Amino acid sequence: MWSLVLRRLLLTLPTLLGASLIVFAMVKLAPGDPISILMPPDAGKAEIEAVKEALGLDRPLPVQYLKWLERAVVHGDLGRSIATRRPVVQDVLDALRNSVILAVASSMLALIPGLALGTLAAFQRGGVVDKVVSAVAITGVSVPHYWAGIMLVIVFSVQLGWFPAMGGPSDPGIGPYIRHMLLPAVALALIPLGVITRVVRSAVLDILAQEFVLTLRVKGLYTGSLVRHVLKNASPQILTVMGLQFGFALGGSVLVETVFSWPGTGYLLNIAIFQRDMPLLQGIILVLSTTFVLLNLAVDVLQSLIDPRIVRG
Amino acid sequence: MRSTATGIAVLFLVAALTGTALAQGGTLRIGMTASDIPYTGGQADNGFEGLRFVGYQIYEPLINWDLTHGDRLAAPTPGLAESWSVNKATPTLWTFKLRNGVQFHDGSPFNADAVVFTFESVKNKDAPQFDRVGASNTGFRLSLIKSVRKIDDYTVEFESVKPSSFVPYQLLYLLMVSPANWAKVGKDWRKYAESPSGTGPFRVTRFVPRERLELEVNKAYWNPKRMPKIDKLVLLPMPEPTTRLAALRSGQVDWVEVPPPDSITALKGQGFQIVTGPYPHNWGHTLRLDKAPWDNKLLRKAANYAIDRVGICKNLLNDTCVPGTGVTYKGHPWFGNPKETYEYNPEKAKALIKQAGYGDGRRPPRAVHLISTSGSGQMLPLAMNELIQKNLKDVGLDVDVQPVEWNTLLTRWRAGFHTPENEGLNAWNISLAFPDPSSAFQRFFHSKSVVPTSVNTMPYINPEADATIEAAEKTFDVKEQDRLLGKLHEIIVDDAPWIFIVHDLNPRAMSAKVKGFVQPQSWFVDLTSVSVTK
């Protein structure tokens, strides 16, 4: 097991290197450059050249990349944002904290009802409950979450005035934080809710069809205990999906975070792309890829712990 | 009656719950279009919006904009300098008498040393206080000024690179920073930005990067006429228009910049105020003059007569713009009296095309115009350009519009038409500011400003225009300068190097609680006259 963890951690390095290279190439291939946003239209050529030189943007592309890599690897320094000149590490970690909290909240909002609904549907297969749950799940998967976000804002912020429409917490403390986070968390939970419900339903159905369940039933086990046995057997599959959904919530919530101006990595990523803010973009991608890889590793390890039949290595 | 009583009861309940005292001045919360808090270390970034809400509220220049009138163009007025004059014998020397008794937020005095310190921080690479960020934000705006020296504690002398009456306009952008605060924070501009100190009417109390900037009144502010009425100012970056709209409608902010035009009728119906007014903003198509079809002046004029500007502003933009028939607008001191009036006249446009040798089945060559999909100051580029394309087609001018992302458009525009990727283009649609003579005319219409030196991309080369710009720069008489710039404007309008389309009216939406705001003819605002009722 531990050799597996070590090997997987080592494999992370080329993955991250590849990701950073791809991001660098993509940004450089896209038209536009950070100076266009940084410097107002009436800036003269001499001033623009001076700024490019100060930022190292006048050097050849491979040199720019290697310089960045050297600083990142040797000094652990991700550089400074071109737009704000703040250290990238600080900005990305601040954003990551907000995104992690949001992702945890939305995952909980997806997991608990998803687990309940999926199990219920499987046990009532073909009944009215199953049909309703399937409809809910399909809606969850199909509704664009940024649209759902805007609808939530219209109803709960504009009409009812219960929650703020946008932004990070207005004051320090847990209360304002939750108030600002709730709507984006709900919007972000919709897709995972749909996915988890469907996966739980099919996983539970699979297990229910197995012979040991029949044995349990013959032994006269209560439905409650039956559910416990079934869920335990279905959990590796559910866990995999959860891990993936959590990863998407961390980095893939660009649209929802932008709709709510939630100060997380998705919002930051969006800003960095439009400003062609290379160091910031690289920093976010690096941190997100690391998180994603580690998350997958954690899921694999957990699976092996839950189900000894799954042997990895 | 009953609902009023319930309303009052609810109000008291809310006040009791939130624990807010019914303070006199109130808090003003503004949703900006910027995606981040503009740089707080002095020379603000994020373009003119950064100067508007951060730069000019925390800091002040030697010369201020007078933003107290809505009915005339904002003009320079004494700020931290009480007066200034140019040396008659050596017109490259300018003497500035500084205001006595002004303090920075950190308590240190504003004086000649602070002026020299500030100037060096953006213009002298070798100075210990050189601020790389500030220099890239403001350095280029001081292109005419070579150096500054202290005469006595309250007098400084600037030296310009050539005799130019445009020098005072450049000093409107240099915001005075505190040498004492810089020393206190360990001679580090990043730390300075975290605890800023200026002389302006507001001082920073809380700074959360990318989220919010909170300011309170500077109680020691030197100008009693501009003592803020509000207690607190909160600035929130909200780049998404729908987010800004929701924040305003849910009461999270009191004021948003640039509400989407299609929301304006609904906002008015819900009791929000929509504030608009002309200011130096131009939205048009900059034409390429060395290639068909726009190398032909008759076709350029035809295009200008083909556009239904009133229709664009009324039907598409809900009265958030006015027709543009020149670089500046009617009533502006540099408008002059142009011969061509460019009202919507398709028949005249067709006649001009005929005069140019086309018509009867022969159409001028097809043109390709580069436009943006969105962007700061670009209004509704896609919808507007579709209408313009149709207007032009109706009179016999074929234009393909090529939409690209805003950053891409800016980058390609700066490079000029003569690059491989821009070779096939005939125009770009880019919105521009013209707050001073140099940005309005010199950079676009002087032969010395041709790309890459500056942004005369067309290129527009007219010796008469060159001579008029130079004469306007050389005269130190404001009236004469206005007259010359008016004459220059007449020449440019007659040459039609742009398709002039509209001037934005800088719409802002505010809750009914916001009182006393004057929309000036400027990119900037005076927040000291504003109060927020409870």
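**Strands, sheets and helices**

Tutor: Start with a strand pair. In chain B, strand E13 (residues 281-287) and strand E17 (residues 427-433) run antiparallel, joined by seven bridges. Two strands pair if DSSP finds at least two bridges between them. Helices (H or I, at least four residues) and strands (E, at least two) are DSSP runs, numbered from the N terminus. This is a predicted model: local features need pLDDT of at least 70, side-chain atom pairs count only at pLDDT 80 or more, and totals for chains, interfaces and linings use all residues. Residues are numbered from 1 along each chain as its sequence is written, while chains are lettered from A and ligands numbered from 1 in the order in which they are written.

Student: Which residue stands opposite B:Trp428 of E17(B)?

Tutor: B:Thr286 does. Strand E15 (residues 367-372) of chain B also joins E17(B), through two bridges, and these two run parallel. There B:Leu370 is the bridge partner of B:Trp428.

Student: How many residues of E17(B) are buried?

Tutor: Six of the seven, so E17(B) is largely enclosed by the rest of the structure. Buried means that 20 or more other C-beta atoms, placed from the backbone, lie within 10 Å of the residue's own.

Student: How do strands hold together in a sheet?

Tutor: Strands of a sheet pair through backbone hydrogen bonds, either parallel or antiparallel. Here, an open sheet of seven strands in chain B has the order E8-E9-E10-E1-E11-E19-E12, with mixed pairing. Its edge strands are E8 (202-208) and E12 (273-275) of chain B, each pairing on one side only. From one strand to the next, the twist averages 20°.

Student: Which helix packs on this sheet and touches E1, E8, E9 and E10 of chain B?

Tutor: Helix H2 (residues 47-58) of chain B; its direction makes about 120° with that of E8(B). Angles run from 0 to 180 degrees between N-to-C directions, and axes are lines fitted to C-alpha atoms, for helices over the stretch in contact. H8(B) lies across E1, E11 and E19 of chain B, at about 165° to E11(B).

Student: What is the order of the four-stranded open sheet in chain B?

Tutor: E4-E5-E7-E6, with antiparallel pairing. Strands E5 (residues 93-98) and E7 (residues 155-160) of chain B pair over five bridges. B:Lys97 stands opposite B:Thr155 in E7(B). Helix H3 (residues 112-123) of chain B packs on the sheet, touching E5, E6 and E7 of chain B.

Student: Now helix against helix. At what angle do H1(A) and H13(A) pack?

Tutor: Helices H1 (residues 2-29) and H13 (residues 278-306) of chain A pack at about 150°, with their axes 9 Å apart. That makes H1(A) roughly antiparallel to H13(A), a label for angles over 145 degrees. The residues of their contact divide into 13 nonpolar, six polar and one charged. Ala, Val, Leu, Ile, Met, Phe, Trp, Tyr, Cys and Pro count as nonpolar, Asp, Glu, Lys and Arg as charged, and the others, Gly among them, as polar.

Student: How many residues of chain B are in contact with chain A?

Tutor: 37 residues of chain B contact 38 residues of chain A. Contact means C-beta atoms, placed from the backbone, within 7 Å. The chain B side has 12 nonpolar, 16 polar and nine charged residues.

Notes. Parallel < 35°, antiparallel > 145°, perpendicular 65-115°, else oblique. Buried ≥ 20, exposed ≤ 12 C-beta atoms within 10 Å, placed from the backbone. Contact = placed C-beta atoms within 7 Å.
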